[in-house]
Structure formats: structure tokens, C-alpha cells
Amino acid sequence: MYRERVTSVPGPVDQPQPAAGAVHTVPADRMSAGPGDAGPVGWPTPPPGGYPAPEPDRLTRFVLRLYERSPRWAVPLAAVGCVAAGMSYALLSNPTHADPDAAPTCLLKLTTGLDCPGCGGTRALWYVLHGDLPAAARHHFLFVFALPFLAYLFVAWAGNQAFGWRLPELRISSKVIGGFLAAWLAFSVLRNLPWAPFTSLYV
């Protein structure tokens, strides 16, 4: 009896293995009893009650309260006011006769002499408001091209918010948006090349 040699100690390998496809369960005495616990004893558990949501500051509470109490047409009206302010600025400032360094100006063009991706947009808007589409396209034809789509999206959104209009949805895929951004990038580079015919794009 005392001469018997112990060759192995029962371990994980010697324990009976569950059959393939069997669901492993934890005995009930190994489960934690706390209401906030989610696993066996010894497992990390979330704090009781979860993390408390941060209290909004006064400005956030004021904006949320103002948004909840404002009529449905208030936000579209504010957006229309911003658009009208931009158009009024273009009409009153007459950027077609302004000096290159007149304020406000493009910082990139003022410091480097290069046209930025948006250079000519204000002048193009001024010509559009005066019905001169060729001159507007001469200053920024991508802006003139995108203007009808932007106007329709704005009218559809504002009409839906203020009056419940259900205009046909203008679906623009991500590929179309990516192609437009790529064309805008190429246009921004080509308009600064010092060779003909690219010099005709310089504004």
C-alpha cells in the first residue's frame, strides 16, 4: 500500500471533457447573488446602478428648453435668416469691385497669392443673384453646379420642418459625394496652375 507510486494528479486534462456542442453552465453556488453582478464569484462586476449621466450645464439646459418650447417653424426660419444674411452681404458688398485685400478676405490668397477651394464663391453668388450665370460659372462653376441641389435640399428640409411638406427625396449616394469632392479637389489644384488653359480659371 505504501509502495504505490503516484504517477499523476488529476487535473484539467484528466477531468471529463464536455461533449461537442454541449452548453457550459456555471453551478448555482458559484454565481454571485448581487443584483448588479453579471457573472460567477470573482468576476469583475459593473458598479451598482451603472455610471450616472452627467448633469447638463446651464447653457445646455437653456438651449434644450428653448428648443422644446419653440414652434416647429423657428429653426427653419433661423436658417432662412442665415441664408438671407449671406445673400444680403453679397449684394451690399459687391465683391466684383472690391480690392483683393479688402476685409474680409481669403487668408490663403492674401499670404500666398493662390486661390483657395472657395475663392470666387461670393462673386459667383453675386452674379447668380443678378441673373448672370456665365459670369458666375467663370468665377466658380462648381458652386453654380451644386447650387440647385443645395437649394432643393434646403427647401425640402425647411418645408418639412415648418409645414410638414413631403417633397420627393433627393437621394445622393456616397459615391456621388466622393466624386464631387474629388472634382472639387482637382479644380482647386488646376485653377492655380500657371499654364494655359488653366490660367482662365484664376480669379
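How much of the chain over residues 73-92 is helix, and how far apart are the end C-alpha atoms? The views below take this up along with other spots. This is a predicted model, where local features need pLDDT of at least 70, side-chain atom pairs count only at pLDDT 80 or more, and totals for chains, interfaces and linings use all residues. Residues are numbered from 1 along each chain as its sequence is written, and side-chain values use heavy atoms, leaving out hydrogens and water.

View 1. Residues 73-92 come out as 95% helix and 0% strand, with end C-alpha atoms 28 Å apart. For residues 172-190 it's 89% helix and 0% strand, and 26 Å between the end C-alpha atoms. (Helices are DSSP runs of H or I, at least four residues; strands are runs of E, at least two.)

**View 2. Helix α4 meets helix α5.** The axes of α4 (residues 121-129) and α5 (residues 133-163), lines fitted to C-alpha atoms over the stretch in contact, come within 8 Å and cross at roughly 100 degrees. The two are therefore roughly perpendicular (65 to 115 degrees). Among the residues in contact (heavy atoms within 4.5 Å) are Tyr127 of α4 and Phe143 of α5.

**View 3. Two cysteines, no disulfide.** The whole structure has zero disulfides (pairs of cysteine sulfur atoms within 2.5 Å). The sulfur of cysteine 116 sits 3.4 Å from that of cysteine 119, its closest, so that's too far for a bond. Cysteine 116 is buried (under 20% relative accessible area) at 16%, and cysteine 119 is buried at 6%.

Note on methods: Axes fitted to C-alpha atoms, helices over the stretch in contact; angles between N-to-C directions. Parallel < 35°, antiparallel > 145°, perpendicular 65-115°, else oblique. Buried < 20%, exposed > 50% of the residue type's maximum accessible area, 1.4 Å probe, protein only.
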